[in-house]
Amino acid sequence: MDISKQNLYREFRDYLIILIGLISYTIGWTLFLLPNNIALGGVPGVSSILKWAWGTPVQLTFFAVNSVLLLLALRILGFKFCLKTIYGVVMLTIVLSVFQSLVGDTRLLPDQPFMAAIIGGSFCGIGIGLGLAGNGSSGGTDIIAAIIHKYRDISLGHLILMVDLLVITSSYIVLRDWNQVLYGYVVLFVSSYVVDQVINSMRQSVQFFIISEKHEDIARAIISQRHRGCTVIDGKGFYTGHEQKILFVLAKKRESSMIFQIINDIDPAAFVTQSAVIGVYGQGFDHMKVKHKK
């Protein structure tokens, strides 16, 4: 696969991941939270409050507020992020409209608001996490969090948590029920936790040390098939005194099984160690975020 096809595949994968995230978010919002009068944070929370107060369709409020935020994001985050965010906002507006027409007044767990908050928050957290992992978002608080996260290495879940608290608390003005506000806090904590888990699981990296007489063949296969760089390290067995080349490879966790398959096909007798790493920064991985001195 050449570079252009590889980039096209990555872009398609990102858009697909964002779409799956939007569907998950819609399920959590329209089936578990909105009909049970449980507030969300950010723009969806504002949209829910306006619907409970005046019956304004949530998709209209959601689209209008995000249009303003996108103008800010366009300047700070760049066109590429905004393109996917515009896609997320438009698609979520469409998915919301279609989904609400299909489910109508369906209300799941009407007598179990706590469980509705847990399940709805989980679906929403998965949706937000997938959107951010796909280098986009569904707008709203995600845009604000992404802007701050660009300059500071702070947990995305914690950023969303801080920004959304005020919106959920303000739902009391309409609902006049502190129990519902507390359920909103539950949704916020659950979704924030799930966002971090999704982001960490999709970006987790691993490192390999591979000792093999066929290290050159293995390195060529990893570079051509997985497009991952390989570093050759000179080694020497202490007991045998035998000189040996060692391959050092960094890859995404999801690529582990494919790299093991490559090694096994070329040299089943190879000695391999795999370990998880906290962070990998550089080309093909995450970008370093440092504080700049004024």
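**A first walk through the model**

Guide: Let's begin with glutamine 59, which counts as buried at 14% relative accessibility. Keep in mind that this is a predicted model.

Visitor: Where is glutamine 59 found?

Guide: Glutamine 59 is in helix 3, which covers residues 58–76.

Visitor: And what is glutamine 59 in contact with, leaving aside neighbours within four places in sequence?

Guide: Its contacts are Thr93, Leu96, Ser97 and Gln100.

Visitor: What about cysteine 124, buried or exposed?

Guide: Cysteine 124 is buried, at a relative accessible area of 1%. Cysteine 230 is partly exposed, with 21%.

Visitor: And how many salt bridges turn up?

Guide: The whole structure has five salt bridges. In general, side chains of opposite charge can pair when their charged atoms come close.

Visitor: Which residue forms a salt bridge with arginine 13?

Guide: Aspartate 14 does, and the closest N and O atoms of the two are 4.0 Å apart. Arginine 13 is partly exposed, with a relative accessible area of 23%, while aspartate 14 counts as buried at 6%.

Visitor: Let's move to helix 10. Which residues are linked in a network of salt bridges?

Guide: Glu216, Asp217 and Arg220 make up that network. Between glutamate 216 and arginine 220, the closest N and O atoms are 3.5 Å apart. For aspartate 217 and arginine 220 the figure is 3.4 Å.

Visitor: How are glutamate 216 and arginine 220 placed along the helix?

Guide: They sit four residues apart in helix 10, residues 215–226, so about one helical turn separates them. Aspartate 217 and arginine 220 are three residues apart in helix 10, again about one turn.

Visitor: Which helix does helix 10 pack with?

Guide: Helix 11. The two pack at an angle of about 140 degrees, and their axes are 10 Å apart. Helix 10 passes helix 11 in a right-handed crossing.

Visitor: Which residues meet there?

Guide: From helix 10, there are Asp217, Ile218, Ala221, Ile222, Gln225 and Arg226. From helix 11, there are Met258, Ile259, Ile262, Ile263 and Ile266.

Visitor: What joins strand 1 to strand 4?

Guide: Seven bridges do, and the two strands run antiparallel; strand 1 is residues 205–211. As one example, valine 206 has alanine 276 in strand 4 as its bridge partner.

Visitor: Last topic, the backbone. What is phi of leucine 109?

Guide: Near 55 degrees, a positive value in a residue other than glycine. Most residues other than glycine have a negative phi. Leucine 109 is in the loop between helix 4 (79–103) and helix 5 (113–133), and counts as partly exposed at 24% relative accessibility.

Visitor: And what about phi of arginine 176?

Guide: Phi of arginine 176 is near 55 degrees, also positive. Arginine 176 lies in the loop between helix 8 (172–175) and helix 9.

Visitor: Is arginine 176 buried or exposed?

Guide: Arginine 176 is exposed, with a relative accessible area of 59%.

Notes:
Residues numbered from 1 in each chain as written. Predicted model: local features only at pLDDT ≥ 70, side-chain atom pairs only at ≥ 80, totals over all residues. Heavy atoms only, no water. Buried < 20%, exposed > 50% of the residue type's maximum accessible area, 1.4 Å probe, protein only. Salt bridge = Lys/Arg side-chain N within 4 Å of Asp/Glu carboxyl O. Pairing = 2+ DSSP bridges. Axes fitted to C-alpha atoms, helices over the stretch in contact; angles between N-to-C directions. Left-handed = near helix turned anticlockwise from the far one by under 90°. Contact = heavy atoms within 4.5 Å.
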